[in-house]
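I opened my notebook to see how two chains meet. I wrote down each thing I looked up, in order.

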Protein chains: 2
Amino acid sequence: MKQIPFYNTRIEGCFWGDKQRVSREVTVDAVYDRFKETKRFEAMKCDKEQYEREGWRPHIFWDSDAAKWIEGAAYTLEYEKNKRFEDKIDELVDLMCNSQLESGYYNAYFNVYDTENKFTTRDCHELYCLGHLIEAAVAYYHATGKDKLLGLVERYVDYVIKVFVEEKTAKFMTPGHEEIELALVKLYRLTGKQKYLDLSKFFIDNRGNNELDIAGLRDWMTNRYAQDHLPVREQTTAEGHSVRAMYLYMAMADLALECGDESLFKACDTILHNVAEKRMYITGGIGSSCIGEAFTVDYDLKNEPAYTETCATLALSLFCQRMSKIKPIGLYGDIAEQAMYNGSISGVSIKGDEFFYENPLTIDLADHDKNPATKQKERYPITQRVKIFGCSCCPPNILRYINSIGDFLYTEDEDTLYVHHYINSSTEFEGKKIRQNTYYPSCGKVKLTVKGDYKKIAVRVPGWCEKFDASASYIIKDGYAYFDAAEVIDLDFNMAPRFVVSAPGVHENAGKTALMLGPVVYCVEKVDNDCDIFGLSVNTDTVFDVQPDNYFSLPTITVDGYAKVHNGQLYSNVNAVKYEARKIKFIPYYGMENRGETDMLVWIPIK
Amino acid sequence: MKQIPFYNTRIEGCFWGDKQRVSREVTVDAVYDRFKETKRFEAMKCDKEQYEREGWRPHIFWDSDAAKWIEGAAYTLEYEKNKRFEDKIDELVDLMCNSQLESGYYNAYFNVYDTENKFTTRDCHELYCLGHLIEAAVAYYHATGKDKLLGLVERYVDYVIKVFVEEKTAKFMTPGHEEIELALVKLYRLTGKQKYLDLSKFFIDNRGNNELDIAGLRDWMTNRYAQDHLPVREQTTAEGHSVRAMYLYMAMADLALECGDESLFKACDTILHNVAEKRMYITGGIGSSCIGEAFTVDYDLKNEPAYTETCATLALSLFCQRMSKIKPIGLYGDIAEQAMYNGSISGVSIKGDEFFYENPLTIDLADHDKNPATKQKERYPITQRVKIFGCSCCPPNILRYINSIGDFLYTEDEDTLYVHHYINSSTEFEGKKIRQNTYYPSCGKVKLTVKGDYKKIAVRVPGWCEKFDASASYIIKDGYAYFDAAEVIDLDFNMAPRFVVSAPGVHENAGKTALMLGPVVYCVEKVDNDCDIFGLSVNTDTVFDVQPDNYFSLPTITVDGYAKVHNGQLYSNVNAVKYEARKIKFIPYYGMENRGETDMLVWIPIK
């Protein structure tokens with residue numbers, strides 16, 4: 001199967017068109033400006049004298065921030081030339097290339113400090129940074145034909161091959177933070193050079209076989225934290241740091257495809273089932289715990305402390321996208337979609353210039369400063385997006401994600417076009433033309449127009465869809481409807497709001513429900529409901545009042561519910577408590593906390 | 001109003017008779033043996049050479065452990081002579097008296113170490129320890145007539161008066177951990193010496209007026225932690241360390257009574273309303289947070305991390321008992337009772353030899369080891385009682401509490417006998433005889449027999465009681481039924497199981513209910529319900545199957561409920577989920593975690 005890359009597709013208006021416009025017009029500069037202010041770009045100079053004079057030091061993973069910004073900005077250039085962006089990228093690339101060492105090595109920290117400790121400490125993110133530089137180089141080369149950064153990374157990868165594979169002088173076998181593995185597959189695909197694929201395979205195959213390496217990690221980490229507890233083909237559950245885990249699984253899926261490695265695909269599928277069935281918030285959020293930013297145990301999905309890093313959710317959908325490329329199984333697209341419309345884009349403000357790293361499912365402000373008796377505080381996720389973080393991986397990650405969202409749409413094999421997702425857009429690819437006319441996910445209708453020599457067209461019928469209509473007959477297999485090729489097919493997923501409940505294992509959600517519209521999770525904010533929203537409950541037999549909303553780009557939904565009336569007693573006999581009927585307004589979850597700091601909930605009691 | 005002290009009452013069998021028997025036969029020795037093993041008693045020798053030789057040091061508050069054990073053991077002697085207990089107490093008293101300094105000072109730590117730092121650090125518990133020594137001395141003197149320990153404490157208190165009041169050479173004005181204030185009132189009541197009452201008043205009146213003193217406390221504490229944020233008469237909410245807070249309020253109530261101080265009573269009443277209406281778990285547990293063992297904010301009553309120290313709950317009921325002595329208001333007895341039957345006695349095992357310091361309302365074992373990826377763990381209360389703690393204040397506190405439970409029953413004024421609580425018992429006091437024949441709280445019937453010259457008999461009608469019957473006519477005032485005196489009055493509080501819900505402000509309990517029988521809170525344990533108990537919900541219109549149970553001394557209750565059936569999906573449309581009918585067995589909350597480590601919940605969803 002072959003992917004139709006995003007740059008063949010023009011997203012047109014509606015939900016994602018809007019997100020891409022904001023991303024181009026606001027986010028590219030917002031991330032750039034904050035990174036510049038915080039010396040992240042200046043650090044690429046590797047000018048120790050300047051740092052000492054000014055009293056600062058680069059961080060070991062600032063290269064990745066710069067690289068991800070380059071990659072995201074490069075993606076926008078596929079649609080729209082922008083000299084200003086290109087000049088900024090060129091300037092950065094020059095700084096990097098000027099500082100690359102003779103050996104090929106380049107890292108803004110280790111070029112300058114701890115220079116004798118290159119490749120000695122597994123958790124120092126050197127290979128992670130290189131991975132992001134590779135992705136940036138590939139993206140920028142494709143968008144502009146400029147190959148200077150590509151040259152840097154190819155020289156650097158050659159050095160890595162020498163140190164890790166040939167001379168084996170590095171102090172560890174596989175990186176602490178995965179990323180280079182998937183980047184090397186991209187580099188291989190661009191250049192066709194087998195050595196890059198081999199290096200990726202080297203890192204993947206060594207993982208779980210090198211217990212001694214763990215010594216280089218911090219003492220509170222375990223092998224499981226680094227997805228290093230078992231050889232990757234024997235892993236069955238999503239474990240450890242959730243972003244690292246997803247980057248690993250993405251690379252495993254890439255290699256499964258490139259090498260036809262059935263055992264890698266099987267491992268990916270098993271792990272993805274574990275995530276989808278036991279370890280994922282309804283928002284697609286993953287990694288429940290702030291301790292190690294990590295997966296914990298099955299069904300541990302607490303709402304208020306939910307860590308669910310933006311990067312992890314983005315990466316989950318990208319992992320699923322890769323799985324869809326190998327085998328068109330509906331679950332992959334379903335999970336990708338759940339992450340795509342909820343816990344990933346909640347990471348950026350509607351305006352496009354402020355970010356969440358964590359994406360909790362409950363914000364109860366009263367809990368946030370509840371220990372007046374001591375100066376110690378409990379830890380909760382922040383409640384308002386900020387312009388930059390100390391560890392600011394998420395903002396540029398959202399940038400590259402939104403601007404390459406078209407990657408999710410299509411794959412093809414010899415005779416079939418696979419339509420995995422629904423976005424109003426037109427695509428031209430190798431002489432073929434594909435169009436989707438749709439307001440998805442505001443509405444479930446999609447007009448699909450395909451001009452090409454396919455024999456079959458397979459469209460994913462989302463798992464949430466209870467009634468599917470189409471203008472032609474079809475056969476369902478693995479969650480896809482297979483049509484004989486036709487120029488126009490009308491699809492209707494009959495999208496309507498619905499209440500969803502959790503598996504009994506998710507203890508905190510017992511007796512509660514969440515509102516969804518297609519793949520979009522909704523939430524209740526106090527700013528729309530002038531009361532203690534945690535005293536509300538819903539009538540699941542409600543009529544839904546669905547109202548278009550320009551601010552959120554998706555409708556708001558108002559339902560019938562109840563507010564428990566406070567009778568002054570802390571505890572009352574169940575029959576002595578009154579409830580008053582009241583309308584409850586829901587907004588799309590990704591739009592939470594955009595209108596000032598306010599209480600928010602996703603899971604609400606059923607009455 | 002005058003209290004009829006516990007030693008005038010013989011508790012006979014049933015619930016509290018049984019608890020007292022276990023306490024005498026098991027707990028006295030169990031606490032003694034663990035304290036002896038851990039050198040707590042040996043420390044009273046103040047033999048530095050021995051400590052250095054053996055490599056240990058006394059803790060600054062070990063005196064209080066010894067004193068509370070003496071007090072608890074002394075209470076048992078009121079009912080039953082026990083030479084073995086007396087010998088042990090005498091031996092301890094000798095050790096203490098031999099080590100008392102010339103000045104009168106005595107503390108097992110500061111006698112030996114940091115000797116120049118006596119009364120310099122407000123949080124070092126010296127006056128707290130003295131308070132407990134006073135209570136022990138008063139108790140032992142009353143039970144046996146032996147006055148050696150009484151001599152020690154009177155000499156020590158004289159020294160405290162000299163240092164704090166006369167010479168003002170102490171480095172702080174009021175203690176960091178309250179206790180001595182209430183103990184001095186006991187000493188005043190025994191000896192009639194005004195100076196003790198004056199010293200108590202001195203400490204109480206200075207609290208909140210000496211901001212600079214806080215410097216001696218640890219840097220994460222605030223004035224609020226030490227109930228020192230305002231003069232006591234201006235305080236309106238329960239604040240800070242919950243045990244310290246309750247000991248303060250107890251003393252304030254004592255002084256309000258002794259000095260007829262209306263402003264102190266008013267402050268106590270306001271604070272108690274804050275607790276009862278906004279800051280108390282249904283178990284009577286108080287102090288939600290492990291951070292500072294402290295009160296937090298209104299309605300912050302999370303179940304799983306609930307700190308609710310046993311000592312705090314005991315003390316809440318003792319505070320209420322003191323309030324009932326000043327004014328017969330039903331709420332005081334109601335809250336006392338709620339604490340008495342739930343979060344206080346849950347602190348000791350049914351067998352009497354193992355203890356809980358924290359008393360959570362949810363135990364979800366899956367949460368307790370959920371971070372396999374890192375060696376850092378989240379903090380949860382322990383799930384099985386232990387024989388002793390590092391800070392082992394709770395075990396001897398339960399000992400003295402259970403053996404003086406009769407203190408809760410009666411007060412009298414010139415012409416009225418006030419019956420605050422219901423326990424099967426007989427009382428003789430100044431020629432009067434009072435008997436209660438009752439299975440309370442298994443059953444709501446009480447036959448009250450009173451031989452005495454009262455004009456009125458006032459009985460508290462518990463707040464939970466929805467239908468009250470009596471054999472004579474009565475007038476209700478402030479939650480008490482006032483009868484014309486009669487030799488026999490039959491009362492029936494018509495006890496039946498009932499479901500209770502929280503105020504809307506308690507967010508975690510939204511949509512949930514708790515089962516109660518009279519004042520007794522019930523819980524569900526997995527050991528009785530072979531399933532994931534967090535997937536259960538109850539039908540509040542159930543028939544209750546109430547079964548007597550010898551092990552818990554109170555009935556178990558089985559109700560109709562439902563188990564959510566797992567369909568394999570993590571999230572499902574609300575209408576696609578099935579529930580199967582199932583019986584749910586509840587046991588009294590205080591009996592939780594006595595039959596091995598098991599999941600437990602108090603609040604259960606309503607379906």
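**Notes on the A–B interface**

I started with salt bridges, and the rule finds 6 of them across the interface of chain A and chain B. I keep in mind that this is a predicted model. I picked out one pair: Lys302(A) and Glu304(B) join their side chains in a salt bridge, at 4.0 Å from N to O.

Next I looked up polar contacts. Between chain A and chain B, 32 residue pairs are in polar contact, both residues at pLDDT 80 or more.

Which elements of chain A supply at least two residues each to the side that touches chain B? I found helix 10 (262–278), strand 14 (497–502) and strand 20 (571–573). Strand 14 of chain A gives the largest share, 5 residues. I then sorted that side of chain A by class: 35 residues are nonpolar, 20 polar and 20 charged.

Then I looked up the extent of the interface. I read 75 residues of chain A in contact with 75 residues of chain B. The two chains bury about 5,700 Å² between them, and 57% of that lies on carbon and sulfur atoms.

Last, I checked how the copies are related. The same surface serves both: 100% of the contact residues of chain A recur in chain B.

Terms used: Residues numbered from 1 in each chain as written. Chains lettered and ligands numbered in written order. Predicted model: local features only at pLDDT ≥ 70, side-chain atom pairs only at ≥ 80, totals over all residues. Heavy atoms only, no water. Contact = heavy atoms within 4.5 Å. Buried area = accessible area lost by both parts, 1.4 Å probe. Polar contact = N/O pair within 3.5 Å; in protein donor to acceptor, adjacent residues only side chain to side chain. Helix = DSSP H or I, 4+ residues; strand = E, 2+ residues; numbered from the N terminus. Nonpolar A, V, L, I, M, F, W, Y, C, P; charged D, E, K, R; others polar.
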